[in-house]
Amino acid sequence: MAGILGSSDTGNRYDRQQIQKAVALDPDNAQFTWHLLQACTHSGDSGNSGVCDPADLEDRAIRVDGENAALWASIAVRRAKRDD
């Protein structure tokens, strides 16, 4: 995990390409899903890329880590920003 999430050519903590690789390896991993959610939030990707589709990403995050209060707060902020 550290090898995938800890390295970035761009120096960006939320390197979506690296995180996507991690999620593909383990789609039910709560940490990978959290990092992808953060990457999408910080990149401003509204879902046009297919990677950051709000409904899919948020549903997956809730499914794998629904007891995480920080996750729910992050989702609430994302939904408020898009008036959802």
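Helices (H or I, at least four residues) and strands (E, at least two) are taken here as DSSP runs, numbered from the N terminus. On that basis, Asp-65 falls in helix α4, and Ser-74 sits in helix α5. The model is a predicted one, so local features need pLDDT of at least 70 and side-chain atom pairs count only at pLDDT 80 or more, while totals for chains, interfaces and linings use all residues. Residues are numbered from 1 along each chain as its sequence is written, and side-chain values use heavy atoms, with hydrogens and water left out.

The overall layout is quick to tell. The protein chain has five helices and zero strands, and its elements read α-α-α-α-α from the N terminus on. Of its 84 residues, 32% count as buried, buried being under 20% relative accessible area, exposed over 50%, and partly exposed in between (1.4 Å probe, protein chains only). As for contacts, meaning heavy atoms within 4.5 Å, 46% of those between residues at least 6 apart in sequence join residues at least 24 apart.

Next come the helix pairs. Two packed helices are described by the angle between their axes and the distance between the axes. The axes are lines fitted to C-alpha atoms, for helices over the stretch in contact, and angles run from 0 to 180 degrees between N-to-C directions. Helix α3 (residues 30-43) and α4 cross at roughly 150°, and their axes come within 9 Å. The two are therefore roughly antiparallel to each other; angles over 145 degrees get that label, those under 35 count as roughly parallel, 65 to 115 as roughly perpendicular and the rest as oblique. The crossing of α3 and α4 is left-handed, that is, the near helix is turned anticlockwise from the far one by less than a right angle, with clockwise giving right-handed. On the α3 side the contact is made by Ala-30, Thr-33, Leu-36, Leu-37 and Cys-40, and on the α4 side by Leu-57, Glu-58, Arg-60, Ala-61, Val-64 and Asp-65. By class, these residues divide into seven nonpolar, one polar and three charged (Ala, Val, Leu, Ile, Met, Phe, Trp, Tyr, Cys and Pro count as nonpolar, Asp, Glu, Lys and Arg as charged, and the others, Gly among them, as polar).

Helix α4 (residues 54-65) also packs against helix α5 (residues 69-81), at an angle of about 165° and with the axes 11 Å apart. That makes α4 roughly antiparallel to α5, and this crossing is left-handed. Helix α4 brings Pro-54, Leu-57, Glu-58, Ala-61, Ile-62 and Asp-65 to the contact, while α5 brings Leu-71, Trp-72, Ile-75, Arg-78 and Arg-79. The tally is seven nonpolar, no polar and four charged residues.

Two residues get a look of their own. Asp-65 is partly exposed, at a relative accessible area of 23%. Leaving aside residues up to four places away in sequence, Asp-65 touches Ala-30 and Leu-71. Its side chain makes a polar contact with the side chain of Asn-68 (2.9 Å); such a contact is a pair of N or O atoms within 3.5 Å, where within protein one must be able to donate a hydrogen and the other to accept it, and residues adjacent in sequence count only if both atoms are side-chain atoms.

Ser-74 is buried, with a relative accessible area of 11%. With the exclusion of residues up to four places away in sequence, Ser-74 touches Trp-34, Leu-37 and Gln-38. Its side chain makes a polar contact with that of Gln-38 (3.2 Å).
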